Amino acid sequence: MNPNDVNLLSGEAFPEDLPETNRLRPQTFDQYVGQTEVIESLKVAIQATLMRGEPLDHVLLHGPPGLGKTTLASLIARALAVPFLSSSGPALEKGGDLVGILTRIAPGTLLFIDEIHRLPRPVEEILYSAMEDFAIDVIFDRGASARTFRHRIAPFTLIGATTRAGLLSPPLRDRFGIQRDLEFYAPEDLASILLRSAGLLEIEIEDSAALEIGRRSRGTPRIANRLLKRVRDFLQVHARGPVTVEIARNALKLEGIDDRGLNRIDRKFIETLRTVYNGGPVGIEAMAATLQMDPDTLIDVVEPFLLKEGYLARTPSGRKLTSAGWDLEVDFLANPGKNVRTPARSQES
Ligand code: ADP
């Protein structure tokens, strides 16, 4: 599997894209498009917190990668005017790492832990008393002579982000007073994100072209911004003037993205389920082995959008193609990147 395909699909940052990616991150709630209900309820919680002068209740944000969880956490910190610290489940390997952070934070700090479902269990257990009582229990000795010492820490707010809320242990999940699911974005919302990004990146783009890219971005802002940059490359090489629908379509075809916004991995997934497993049901491990991909990537990144679009169903016995999945034309499962027409380059240069 081409690593670029996984990257495009997951919206994981290419290192060279990072400075621009950070530029595109919304700086205020007004710039944060969509997720209206989540935003409204968080604004109420923030306002009430500011009125009471207490730390905000702990927040759990759930949703596929690239939907804006990290951005939202940083906006909350700004709105509360508190320090923002960011880490991730896999980075906090040892209990000492987390204790080191918790014992040094300033009062009110917003600690963001991405992929919180990947915290090792002993590290997670430190969070229980930290979240509930703003204390860390240090245990000395073992067995009969074991003693516990309670170390007070500054009040703080934990924002946990996860692609898989189901993997969180109940004691951890229950300690989040606010739990919200982020939804895939509508094409119109992605179009307005794209128009803002195009302005920041100084790319001239027609509204209809922004909508076209929005329609093909798997409902995900990070992917939309990524595709905009690929369209910019295409424009630079093959055309002039503003990005039009035709330029956007041709650029996205080259990226292997079809009219429905599915990319190579999506199509390979559907094709494998159809031809190798006769539509399923099949376990995710078997699919991952056939596709030579990591099962977690399939669960976190590939499947959510296929489920949302109604091509795939999860049943107790495994993954199954729906009738919409079966109905996808064979042509469409072929490589849509072929027969790409490039608009003639302008004569005046
Ligand atoms: P996650 O933490 O869920 O993986 P991020 O918060 O890192 O996602 O978002 C990825 C990028 O997508 C951000 O850098 C930002 O540019 C853009 N983005 C995400 N959500 C929104 C939004 N609601 N409005 C505008 N841009 C957004």
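Predicted model: local features only at pLDDT ≥ 70, side-chain atom pairs only at ≥ 80, totals over all residues.
Let me begin with helix 9, whose buried residues are covered by elements that include helix 8 (187-200), helix 10 (221-238) and helix 11 (245-254). Helix 9 itself spans residues 207-215, and A209, A210, E212, I213 and G214 are buried there, where buried means under 20% relative accessible area, exposed means over 50%, and partly exposed lies in between, with a 1.4 Å probe and protein chains only. Helices here are DSSP runs of H or I with at least four residues, strands are runs of E with at least two, and both are numbered from the N terminus.

Residues are numbered from 1 along each chain as its sequence is written, and side-chain values use heavy atoms, with hydrogens and water left out.

Now to the loop between helix 9 and helix 10, where we find S217. Is S217 buried or exposed? S217 counts as buried, because its relative accessible area is 0%. Leaving aside neighbours within four places in sequence, S217 is in contact, meaning heavy atoms within 4.5 Å, with L190, I223, A224 and L227.

Strand 3 (residues 110-114) and strand 6 (residues 157-162) run parallel and are joined by 4 bridges, and I113 stands opposite G160 in strand 6.

What about the surface? The protein has an accessible surface of about 16800 Å², of which 50% belongs to carbon and sulfur atoms; such areas come from the Shrake-Rupley method with a 1.4 Å probe, and for residues only the protein chains shown count as cover. V138, which lies in strand 4 (residues 135-140), is partly exposed, with a relative accessible area of 32%.

Finally, for the protein as a whole, there are 16 helices and 9 strands, and of its 349 residues, 49% count as buried.

Methods
Pairing = 2+ DSSP bridges.
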